[in-house]
Amino acid sequence: MQSAMEISARYCQKELESYGSCVSSNPSTWQQKCHDLKMKVSQCTSSHPVIQKIRQDCSKEFVKFEQCLRENQESPTSCTAHVAHFLSCAETVNLSGVTTDKLPQSS
């Protein structure tokens, strides 16, 4: 089974790289400075059926992770347990019947 991260990296590599670079370059202000890039990643990944299914089935874990990031903007690494819970959930999502065909990469 492909994880959400693998799918995101495969189909939204450009967006993820830009966002990751912005976050790394702005450790204390990334939440504000990188918002537009975060939205581009979200738009790219949200159209993939596997991502939609994972977001639906693991929404509680993802919301907790996002809340942790908002509350710990200056130390996002303190949210590693939250991201681990989300990824663990994502790995258990039943993807049978969900198409995993490649979608066109956004420009």
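## Helices H6 and H7

Helix H6 passes helix H7 in a left-handed crossing, meaning that the near helix is turned anticlockwise from the far one by less than a right angle (right-handed if clockwise). Helices (H or I, at least four residues) and strands (E, at least two) are DSSP runs, numbered from the N terminus. This is a predicted model, in which local features need pLDDT of at least 70 and side-chain atom pairs count only at pLDDT 80 or more, while totals for chains, interfaces and linings use all residues. Residues are numbered from 1 along each chain as its sequence is written, and side-chain values use heavy atoms, with hydrogens and water left out.

H6 covers residues 59–71 and H7 residues 80–92; their axes come within 8 Å and cross at roughly 160°. Axes are lines fitted to C-alpha atoms, for helices over the stretch in contact, and angles run from 0 to 180 degrees between N-to-C directions. H6 and H7 are therefore roughly antiparallel to each other (angles under 35 degrees count as roughly parallel, over 145 as roughly antiparallel, 65 to 115 as roughly perpendicular and the rest as oblique). On the H6 side, the residues that meet H7 are Glu61, Phe62, Lys64, Phe65 and Cys68; on the H7 side, they are His82, Val83, His85, Phe86 and Cys89. Sorted by class, this contact of H6 with H7 holds six nonpolar, two polar and two charged residues (Ala, Val, Leu, Ile, Met, Phe, Trp, Tyr, Cys and Pro count as nonpolar, Asp, Glu, Lys and Arg as charged, and the others, Gly among them, as polar).

Phe65 is part of helix H6. Its relative accessibility is 17%, so Phe65 counts as buried (under 20% relative accessible area is buried, over 50% exposed, and in between partly exposed, with a 1.4 Å probe and protein chains only). Leaving aside residues up to four places away in sequence, Phe65 touches Cys79, His82 and Val83, contact meaning heavy atoms within 4.5 Å. Phe65 and Thr80 are 15 residues apart in sequence, with 8.6 Å from C-alpha to C-alpha.

Val63 is also found in helix H6. With 47% relative accessibility, Val63 counts as partly exposed. The C-alpha atoms of Val63 and His82 lie 9.4 Å apart in space, and the two residues are 19 apart in sequence.

## Helices H2 and H4

Helix H2 (residues 13–25) and helix H4 (residues 35–46) have axes that come within 9 Å and cross at roughly 155°. H2 and H4 are therefore roughly antiparallel to each other, and H2 passes H4 in a left-handed crossing. H2 contributes Glu15, Leu16, Ser18, Tyr19 and Cys22 to the contact, and H4 contributes Leu37, Lys38, Lys40, Val41 and Cys44. The contact of H2 with H4 divides into six nonpolar, one polar and three charged residues.

Asn26 sits in the loop between H2 and helix H3 (30–33). Asn26 counts as buried, because its relative accessibility is 15%. Not counting residues up to four places away in sequence, Asn26 touches Lys33 and Cys34.

## Helices H4 and H5

H4 packs against helix H5 (residues 49–57) at an angle of about 105°, with the axes 7 Å apart. H4 and H5 are therefore roughly perpendicular to each other. Ser42, Thr45 and Ser46 of H4 make this contact with Ile51, Gln52 and Arg55 of H5. The class count for the contact of H4 with H5 is one nonpolar, four polar and one charged.

Arg55 lies in helix H5 and is partly exposed, because its relative accessible area is 33%. Arg55 touches Ser42, Thr45 and Ser46, with residues up to four places away in sequence not counted. The C-alpha atoms of Arg55 and Ala90 are separated by 8.3 Å, while the residues are 35 apart along the chain.

## The chain overall

The chain has seven helices and zero strands, and its pattern along the sequence reads α-α-α-α-α-α-α. Of the 107 residues in the chain, 28% are buried. Among contacts in the chain with a separation of 6 or more, 70% come from residues 24 or more positions apart.

The chain exposes about 6,700 Å², of which carbon and sulfur atoms supply 52%. Accessible areas come from the Shrake-Rupley method with a 1.4 Å probe; for residues, only the protein chains shown count as cover.
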